[in-house]
Amino acid sequence: MTATLPATAGAAGTVSRPALAAAGPAGRSRRVLLHTPGKLWALLTGLVLLSLAWGALGGWVATQHSSAADSLVSVNERLSLDARHMYQSIADADATITAAFLATATPPLSQLQRYEGDLSTAHADLSALQAADGSQPVAGTALAQVGGGLSAYTGYVGEATAEYAMSYPLTGGSFLQDASETAHLTLLPAANAVFTQENAALNAANSQATELPTEIALFVLAAVTAFAFYRAQRWLARRTNRVLSPGLVLASVLLAVGVIWLAAGFVSARTDLDRGIGHGSAPVQDLALASIGVQQIRGDAVLNVISRSGNASFQDDFAATSKKIGPGPGSWLGDAAAAQESGGQGPSLVAAAGRDATSWYPANTQVYKLGAAANYAGERNLVVGSASGNTLTGYNALEDDFSLAIAADQGVFASGASDGANALDPLTGVVIATSLLMAAGCAWAVSRRLAEYR
């Protein structure tokens with residue numbers, strides 16, 4: 001027997017070496033995970049983290065969409081409106097004061113008040129846009145040009161007023177021409193750059209509020225989470241011989257509620273925002289461009305009266321700009337008419353603007369014919385006079401048409417965008433609450449099974 005003891009000891013020693021190796025810290029961890037309690041702890045951790053990850057992603061997506069929609073309503077649309085007002089006020093101020101000086105030896109008080117009101121509006125809009133610079137994508141360089149240009153412009157008008165009082169002619173080479181050229185060459189191009197950039201910011205905010213990639217990622221994660229709940233339920237059923245786990249059933253129901261609520265909110269918001277942009281903001285931009293085009297035509301005609309240069313560039317610009325204004329397919333008025341929401345006031349107001357524009361163009365054509373024929377008195381009377389068929393009456397009628405049509409479409413935008421923002425506002429709270437309850441349900445379900453092994 002003594003001879004066999006070493007062999008037995010050796011055999012026992014051989015068996016004990018792997019056993020001792022497995023008894024180390026890493027070996028113990030692996031053995032724990034291979035047993036049911038270890039698997040339950042891993043399952044609990046994974047399900048809780050997955051629930052919280054879905055809540056975190058859902059809360060971030062909902063917050064991003066809601067913030068963009070709120071900004072669209074309260075910031076971007078307002079800044080776009082300020083930029084449009086600024087441009088139109090500058091253009092109208094120049095056309096008004098120039099026509100007033102050219103029309104009569106004593107400019108009417110109403111025209112002077114209109115000029116002062118336009119300048120006041122332009123300064124107020126400029127201040128609002130400058131205040132937003134840095135937090136919003138505002139053309140800072142263009143705003144600086146508008147600020148400096150307004151100071152120079154009012155100075156030229158003041159000098160022209162002094163010339164006028166001393167009976168100097170307000171034609172070529174005068175301060176009035178300098179003022180009008182400053183408006184056309186510096187102020188209006190800079191104001192138009194601001195208007196263009198603010199419209200781009202408005203469209204970008206709408207795209208962020210309705211973007212699909214993040215929504216798709218969220219619903220993909222929801223599908224992964226639902227599959228994990230299903231697999232966990234099946235595994236627990238096989239291990240514990242229980243058909244259903246109340247905690248996992250609750251977590252699955254909460255996930256379904258959260259997904260349905262989010263989907264309904266996103267779809268509703270997208271529908272409302274698309275309505276606000278498509279039938280409100282988009283036609284407003286077209287109508288604003290058409291109004292700017294009309295003001296450009298008016299300003300060029302007045303400036304042509306002052307310069308008496310015989311240059312055909314103003315006439316060429318009139319022909320090109322009138323085609324862009326419309327009405328007709330592919331024109332600003334044509335696009336605005338096509339985008340109108342049926343049942344509202346917008347369609348009839350845009351149609352009225354189209355009719356007035358069509359009636360106004362022949363008078364402007366006649367203006368350039370008179371200028372080409374060196375009939376400066378006739379040209380002047382047709383541009384700034386009060387005779388029947390003058391261009392000022394048609395210009396004022398068109399501006400009224402545009403103001404009313406833009407106001408109607410802005411109402412459509414405000415309604416749609418506000419409804420869209422309201423649909424998105426509660427989603428962040430919903431998804432976070434459901435994810436926390438899902439995590440609690442998963443922890444409850446698995447911890448009950450763990451308690452059975454104590």
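Is Arg 78 buried, exposed or partly exposed? Arg 78 is partly exposed, because its relative accessible area is 38%; buried means under 20%, exposed over 50%, and partly exposed in between, with a 1.4 Å probe and protein chains only.

Two remarks on the source. This is a predicted model, so local features need pLDDT of at least 70 and side-chain atom pairs count only at pLDDT 80 or more, while totals for chains, interfaces and linings use all residues. Residues are numbered from 1 along each chain as its sequence is written, and side-chain values use heavy atoms, with hydrogens and water left out.

Now the overall picture. The protein has 14 helices and zero strands; these are DSSP runs numbered from the N terminus, helices being H or I with at least four residues and strands E with at least two. Of its 454 residues, 47% count as buried. Among contacts with a separation of 6 or more, 82% are between residues 24 or more positions apart, where contact means heavy atoms within 4.5 Å.

Back to Arg 78. Its side chain meets that of Asp 82 in a salt bridge, at 3.8 Å from N to O. A salt bridge here is a side-chain nitrogen of Lys or Arg within 4 Å of a carboxyl oxygen of Asp or Glu. Side chains of opposite charge can pair when their charged atoms come close. Asp 82 and Arg 78 are separated by about one helical turn, because they are four residues apart in helix H3. Asp 82 is buried, at 11% relative accessible area.

Arg 114 and Asp 92 meet at 2.7 Å, N to O. This pair links distant parts of the chain, with Arg 114 in helix H4 and Asp 92 in helix H3, 22 residues apart. Arg 114 is partly exposed at 27%, whereas Asp 92 is buried at 7%.

Next, Glu 215 forms a salt bridge with Arg 270, with the closest N and O atoms 3.9 Å apart. Glu 215 lies in helix H7 and Arg 270 in helix H8, so this pair ties together parts 55 residues apart in sequence. Glu 215 is buried, at 7% relative accessibility, and Arg 270 is partly exposed, at 24%.

Helix H3 spans residues 36-103 and also contains Ser 51. What does Ser 51 touch, not counting residues up to four places away in sequence? The list is Phe 229, Ser 435, Met 438, Ala 439 and Cys 442. Ser 51 counts as buried because its relative accessible area is 0%.

Most residues other than glycine have a negative phi, and most peptide bonds are trans. The peptide bond from Gly 326 to Pro 327 is cis, with omega near 15°. Pro 327 lies in the loop between helix H9 (313-325) and helix H10 (332-338). Ala 374 has a positive phi of about 60° although it is not a glycine. Its place is the loop between helix H11 (346-372) and helix H12 (376-384), and with a relative accessible area of 45% Ala 374 is partly exposed.

That is the end of my part.
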